[in-house]
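Please examine the protein shown below. The report that follows describes its helix, its salt bridges and its surface.

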Amino acid sequence: MPLVTIDIIRDVFTPEEKRRLISGVTEAVVAVEGEAMRQVTWVRIHEVEQGDWGIGGQLLHAADVHALAGRIAA
């Protein structure tokens with residue numbers, strides 16, 4: 001039984017986005033392992049408090065992640 005854990009910073013994703021993450025990851029497992037895995041694939045989202053995660057020596061908050069995502073998408 002696969003268990004997939006997704007670590008994210010709290011308040012970066014909406015409940016709907018988290019639902020889509022869980023659905024999409026489940027679909028990816030099923031695409032690789034077959035339909036029989038759907039009912040036994042667990043996807044867990046672990047939210048880390050803002051400021052408890054960093055990159056490049058700098059603490060990250062939800063607003064920082066949104067700003068980074070805006071720059072990457074552009």
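With which residue does Arg38 form a salt bridge, and how far apart are the closest N and O atoms? The partner of Arg38 is Glu27, and the closest N and O atoms of the two are 2.5 Å apart. A salt bridge is here a side-chain nitrogen of Lys or Arg within 4 Å of a carboxyl oxygen of Asp or Glu. Because Arg38 lies in the loop between H1 and S2 while Glu27 belongs to helix H1, the pair ties together parts that are eleven residues apart in sequence.

This is a predicted model, in which local features need pLDDT of at least 70 and side-chain atom pairs count only at pLDDT 80 or more, whereas totals for chains, interfaces and linings use all residues. Residues are numbered from 1 along each chain as its sequence is written, and side-chain values use heavy atoms, with hydrogens and water left out.

**Salt bridges**

The structure holds seven salt bridges. Three of them are listed here.

| Pair | N to O distance |
|---|---|
| Arg38 and Glu27 | 2.5 Å |
| Glu47 and Lys18 | 3.2 Å |
| Glu16 and Arg20 | 3.9 Å |

Side chains of opposite charge can pair when their charged atoms come close. Through salt bridges that share partners, Arg10, Lys18, Glu47 and Glu49 are joined into one network. Glu16 and Arg20, by contrast, are four residues apart in helix H1 and are therefore separated by about one helical turn.

The classes of exposure are buried (under 20% relative accessible area), exposed (over 50%) and partly exposed (in between), with a 1.4 Å probe and protein chains only. Glu16 is partly exposed at a relative accessible area of 37%, and Arg20 is partly exposed at 46%. In the other pair, Arg38 counts as partly exposed at 24% relative accessibility, and Glu27 is partly exposed at 37%.

**Helix H1**

Helices (H or I, at least four residues) and strands (E, at least two) are DSSP runs, numbered from the N terminus. H1 covers residues 15-33, a run of 19 residues. From its first C-alpha to its last, H1 reaches 27 Å, close to the 27 Å expected at 1.5 Å a residue; the expected span is 1.5 Å times one less than the number of residues.

Lys18, Thr26, Val29 and Val30 are the buried residues of H1. They cover an arc of only 115 degrees around the axis, which puts them on the same side of H1; the arc is that of the directions from the helix axis to the C-beta atoms. The cover over the buried residues of H1 includes strand S1 (3-9) and strand S2 (42-48). On the face turned away from the buried side, H1 carries the exposed residues Ala31 and Val32.

Thr26 has a relative accessible area of 14%. Apart from its neighbours within four places in sequence, Thr26 is in contact (heavy atoms within 4.5 Å) with Arg38, Thr41 and Val43. Pro15, also in helix H1, is exposed with a relative accessible area of 67%. Just after H1, Gly34 takes a positive phi of about 105 degrees.
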